[in-house]
Every structure is written in structure tokens, then in C-alpha cells.
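Hi,

Here is the structure I promised to pass on. Have a look at it first, and then read my notes below.

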Amino acid sequence: MRALSPLRPVHRFHKRGLRTVGVAALTTALAVAVVGCSSSDDSRPDVPTVTPATASPAPAGPAAAPAGQVVAVPRGARALAQSGPTVAVLGTAGTEVLRLPTASLARGDGAHSTVRTPALLDLIPAGDGSFVGVGPSILVAIDANGQVRSAPTTITEPTALARTADGRVVVGTAGGRVVVYDKDFRQLHDFGGFVGVDELTVGLPGTDGEQVVVLDRAQSSVTPIDLDNGDLGPALRAGNGATNATADHFGRVLVANTRDGEILGFFGSPMIMRFRYPVAGGPFAVDYDDTHELLWVSTTGNNKVVAYALASGEPRRVREFATVAQPDHLVVDDTSGALYVLSSRDGQLQTIPTGAPLGTGAGGPGA
């Protein structure tokens, strides 16, 4: 059993916070942790935990002068994703996916088509305008034409969703499990070992191939997992209130440590922490622009998105834009550099054309 140094404060009972980026899980009361890392039961490791961090609240009322274009979407929308020429927003009940063309959003046009689905909690891109969604006991594929294919699962409380380069779908659960499916949604593996699985990132650690990393909010940790055998790499502390993570094309895992007001960078196999950098305003949503070499971070406490260049190995703040209120969801278009920011609170989707790519250059972790 891997061990982490004690956290502050320690709680044996806690509630999972509302997932707003990468997943929109329902609030769940966690039971007393039980010793064990078996892949055949629903036990959790007996480790110290913290109350999972949540987004810093934005000021009351509408945001002042958000940049770019803003269109209306359902208030309380659950998830945001972009795939090729399409941005998708998961509606309030999780049974409608709004598909908005990126070209229309750039003009401030909210025209969209709506796809009806089983109740979903999260949505991710699957390439070329297609998406994959997860909900209680269901996986859903939506193709570029809006056609829906679904398959039942045994997961009643999904909390995280990711997709590997070869099309495998990876689902995290409220019970701390990682369940792997093939591209046709046939279950391959079911692994345990976490208190909760709140975010899954997929990236390339150098020349070692794809690396999947679990962010566990209750432990404020990041841990690599082998999707073939369930082996866990070393669990690394990610401050005292990690919330969301993204992976870049160098294989870095970039984490928002909301409670401590930081962004953290991890790299390698085995992973090590490469940097921790202070960010004011409550860092929460994160995404990396692999073309223009910029890490984008939303700060929900002051309604902003901030860009950091990482070429020197230390984050360097290079851009900032005003956003819609409570920017809990953030996606960056790797091709154009455009940002898509969703306010679930106010039902607004913002498109920000970012202009010249200031972060371009040698941005690798060894810089």
C-alpha cells in the first residue's frame, strides 16, 4: 500500500464536492475508509483525507465586460467539451447535448443543434466532432452527425472520464475505482486503490508511452495507474486542495491547487513535482494549448482566465482576460488558440479569440 504524508486537517468522514470540470458528479457521502487495494471489491485505502476543495465563489451578479463573444446556454449546464469544429455543452438535466459550431461562436451566434441522450454527468471529445459521455450505468458515443450509441455499465456513480489514444474509455467512480472499456464499450478492467477518482489525465511521459494519472481530491494527490494491470505509481501530494488537472503533449500533469492558491507541475515516470507557482483568485479549471504552448487557468474568485508560458520551467504569466461569472469550465482550441469558458451559474458560454501565440517556443519540462 502506498502512503502519503499526513494531510491537514484530517477527516475520516467527508462529502465529495460538486464536480464542475471534467466531470459533474453528484454529491456523495463517503463511508469510513477500509484497508485494501483489491481490484475485486469496493474498498478504499485507509489513508488521511481532507474535505475536497471546490471552486472559489465568484462575486455576486453578472461579470463586468467579459472578453470576446458570449451566447446563452442552459443555466446549470454540467459539462463543456470541444471536438474539431464543434463545442458541446451538456444541459442541466444531462439529457441534452447542445452542439455549437466554433465558427458560429466566433461570431457571437448561439445557433446550435440538440442531441437527446440518456442522463449524463460528463462529456469529453473523441475526435473529429464526436464525443463520449458517461452517466449512471451508461456510456454514450455521439458521432459528428449527432447519432447516439449507448451501452450499459455497472457504474452507478461515475465521477471522471477520459479517453486514450487507442480509443479506450476510462471511467473513475465515487468509490475510488478506475474502470477501463474498449472503444466499443466492452469492459476490460476494474481497479481500486483510491478514496475517490475526481480527474483522469492522459499524457505522454517522454518516450515511455501514454501515462494515465488519477487526481484524488480527498487525498489531494496525483497517482499514475497502469491500465493493463492496475499497478499504481507513487502517489504525490498536490498541495492541500487540488481540484482539476490537465496533461500536455510533453507529458506534464498540470494541477490547480485551489485551496492553496497554486498551480503545480508534475513530470516523469516515475513522476516528480517540477514546480509550484502562486495564483491569486482561486485557480480552478485548467487546460493546455499544445500548439501555442500555453497553460490556461481560470480564477473563479475574480472571473478571469490567465495564461502561463512554461518554456523556462517556471510559469510566466503572459495573458489575462475577463470572463463570464464563475468560470468553472474551460477548454482551449489547440488549432486556433480560442478559449471557451462556461458559466454554469449564469448560463453563458464565452468565446475568446486569444490572438498571437505568445507562449510559442521550447516549452518542454526540461527547459
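Let's start on the outside: D128 counts as exposed, because its relative accessibility is 72% and the cut-off for exposed is over 50%. One thing to keep in mind while you browse is that this is a predicted model.

So where is D128? You'll find D128 in the loop between strand 6 (122–127) and strand 7 (130–135). Its backbone is worth a look too: D128 is not a glycine, yet it has a positive phi of about 55 degrees.

F185 sits in the loop between strand 12 (178–181) and strand 13 (187–191). Is F185 buried or exposed? With 6% relative accessibility, F185 counts as buried, because the limit for that label is under 20%.

While you're in that part of the chain, check D184 and R186. Their side chains meet in a salt bridge, with 3.4 Å from N to O. D184 is partly exposed, at 38% relative accessibility.

Now for the other salt bridges. How many are there by the rule used here? The count comes to 12, and here are some to look up.

R276 pairs with E262, and the closest N and O atoms are 2.8 Å apart. R276 belongs to strand 21 (residues 271–278) and E262 to strand 20 (residues 262–268), so this pair ties together parts that are 14 residues apart in sequence. E262 is buried, with a relative accessible area of 14%, while R276 is partly exposed at 43%.

P270 is in the loop between strand 20 and strand 21, and the peptide bond joining S269 and P270 is cis, with omega at about 5 degrees.

Next, K304 and E320 form a salt bridge, their closest N and O atoms being 3.0 Å apart. This one links distant parts of the chain: K304 is in strand 24 (residues 304–309) and E320 in strand 25 (residues 316–322), 16 residues apart. Both ends are partly exposed: K304 has a relative accessible area of 26%, and E320 has 38%.

Cheers

Terms used. Residues numbered from 1 in each chain as written. Predicted model: local features only at pLDDT ≥ 70, side-chain atom pairs only at ≥ 80, totals over all residues. Heavy atoms only, no water. Salt bridge = Lys/Arg side-chain N within 4 Å of Asp/Glu carboxyl O. Buried < 20%, exposed > 50% of the residue type's maximum accessible area, 1.4 Å probe, protein only. Helix = DSSP H or I, 4+ residues; strand = E, 2+ residues; numbered from the N terminus.
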